[in-house]
Amino acid sequence: MQSKMKESDPILEVKNLSASTDNLPILKGVSLTVYPGEIHAIMGRNGCGKSTLSKIIAGHPSYNITNGDIKFLGKNINSLEPEERSQSGIFLGFQYPIEIPGVSNLEFLRVSTNARRKFLNKEELDTFDFEELVKEKLEIVKMDQAFLSRSVNQGFSGGEKKRNEILQMALLEPKIAILDETDSGLDIDALRIVASGIKRISNAQTGIILITHYQRLLDEIKPNYVHVMSDGQIIKTGESDLALELEKKGYEWTDNFIKET
Amino acid sequence: MGVSFVKVYKANCNKLFLDNMVNENLVKDVVKEPYKYGFVTDIETEKIEKGLNEDIIKLISQKKEEPRFLLDFRLKAFKRWQKMKEPDWAALGYKKIDYQDIIYYSAPKQKEKISSLDEVDPKLLETFDKLGIPLTEQKKLTNVAVDAVFDSVSIATTFREELAEHGVIFCSISEAVKNHADLIEKYLGTVVPASDNYFAALNSAVFSDGSFVYIPKGVTCPMDLSSYFRINSGDSGQFERTLIIAEESSSVSYLEGCTAPMFDTNTLHAAVVELIALDDASIKYSTVQNWYAGNEEGIGGIFNFVTKRGKCLGKRSKISWSQVETGSAITWKYPSCLLLGEESVGEFYSVALTNNLQQADTGTKMIHIGPKTKSTIVSKGISAGNSKNSYRGLVKMGTKATGSRNYSQCDSMLIGDQASANTFPYIKSQQPDSEIEHEASTCRISEDQLFYLQSRGIEFEEAVSMMVSGFCRDVFNQLPMEFAAEADKLLALKLEGSVG
């Protein structure tokens, strides 16, 4: 099955990527390739650079790429604005979704969805058509319509914020979704909803990167590859059983890999 | 209840100081937008000599063929003004104004008597056309009557006949002095007395034109009324005076817009607006102020010192101020309500945006005098660049204001790290059986918020403008429909970079 996947071109290629913020190196040569249909998990201690990697792929302005490349669908995107990356199909699910007072969630979702649709040369949706679409997608995350009339993420519980992220992902239909600890702080029911949402968008054409600390999400969504990060590098890559082993032995076990390399 | 219930608290005071504050240059680009109304109309004007003294005032009065009582009103005001001191309590810094270096009367030369719009100088019509305020019969705005004021005089007022059918008087104040002297004599200076403050006294002495509105008993004004103020000369001040009277059970919505050319000198604008609402009457007064604000180095721009006040004289009367203040180098303005009538209502909804080196000290006074009076204050200040934006407000509960209530909300938004925002809420309660509630917050547009919106495909500029609009929503909701859209657009323009 794997070899069949690799017949197509990769969605995302991160090559020897180094990056810093305020002259402090965070990433020190990360390489990662995601092919269509693949699910990758990235694990590692807090502060190892997992979130930074995801933000850099999405184009966060606080980080400088000091070396290496990010290629999306074969094109270098190092200098693209975050909005251009999103429009072309990169989605970042935030670990801590941001509250935007006064901006209605519905309007935000509509403007965002239309930006992506415009890029895809699809007709932009007016308020009425968009409401139809969003109602359908709300089902996936089991959210009430009342969420639409509230300000973006404002006053949402932790679980509601994460579900709002999955809703955005479902609307934007990205080529690649990077989900940064989307499972953190969720109860079992919410975790199932989020997991089923992720499964709904994953297909043979899309790629998914799950950044997580916990096996329980990976029980729901089985990754093809598991990468362990430490101090700004991927120090080990394995298949889904690597996550299980990691859960048993803890990150201390991975410290040995660093010594090996 | 017998218990004084005064709540003053700061809620949601989340100053988000980021080490790496929003890509500083980007924001600077975004808030740079050339002023679109900066042109000068080349027209022959009749100006009197610079300076201010009794003879000048007599000359203005004579030019306007005013009755004796008005000249006396002016001269008395002038005497008061001479004894007064320019106020210095506002959080504003500016070069001292030389009042002898200003021309107090400037009018485009026209035929003596104009009977129809066809006789108005085409250059003037063209000017207002360019400003988006067409005055000619074919093009005039539908369902909004306009009084166009150019420097010291009113040029034209549209829809007069239609309004007259309903008994509504809408004309320049100069005309009202001639045709409705009784109303002027009865009401002028009763809300803002000449002695009220330095700038009100100055205005009372030298005011040249402005608008007059009279809504008779029981009439709901069939269309929105609006005044458009245009300063054209660089060396003359504009001192307009507006008086609106709403008789029992009548209602009116009044809109006001202002622009001026770009000059590297400062032009003084000192207006007085008086509103009077009798029993069950309601007046809604909305302003979009976009005077020239000066350049990026703070050179030029209008000095805007305005006294606006409404008197809720009647029972259950209501006066509502909404303002979107985006222009002027200096703004000193506190549209206020005197709540005399039992159960009368005062409202103040304000958005004040300052950029570059603009300074604004604006807010309101809600003076509760009658029992069961109610007031609401919602103020949104946005400061960008190196600007300074202050809210200053007074809520006063008089001894007879039993069962009265006030709610105030003052929010500030900072864009970039060079701008400043202040809130000065004054509360005076002499009535224990009244409630005053005040909330304040300060926020910054954070890099994380912008990144979040951008990472959802929303362009940087649209993201900023979405957040600013969102911040102002409570106020925009109060503006008349067409005005709300215009205000939203105006803010977006002010915050948009040259890319858009």
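Guide: A residue counts as buried if 20 or more other C-beta atoms, placed from the backbone, lie within 10 Å of its own, as exposed if 12 or fewer do, and as partly exposed in between. By that count, 56% of the 500 residues of chain B are buried. This is a predicted model, where local features need pLDDT of at least 70 and side-chain atom pairs 80 or more, while totals for chains, interfaces and linings use all residues. Residues are numbered from 1 along each chain as its sequence is written, and chains are lettered from A in the order in which they are written.

Visitor: What makes residues of chain B and chain A part of the contact?

Guide: Two residues are in contact if their C-beta atoms, placed from the backbone, lie within 7 Å. The contact takes 18 residues from chain B and 21 from chain A. On the side of chain B, helix H9 (447–454) and helix H10 (460–476) each give two or more residues. H9(B) gives the most, with 6 residues. A helix here is a DSSP run of H or I with at least four residues, and a strand a run of E with at least two.

Visitor: Why are S2 and S5 of chain A called edge strands?

Guide: Strands pair if DSSP finds at least two bridges between them. The open sheet runs S2-S1-S4-S5 in chain A, with antiparallel pairing. S2 (24–34) and S5 (75–76) each pair on one side only, so they are the edges.

Visitor: How do you know that S1 and S2 of chain A pair?

Guide: S1 (residues 12–21) and S2(A) share 8 bridges, and the definition asks for at least two, so they pair. Within this pair, A:Leu12 stands opposite A:Val34.
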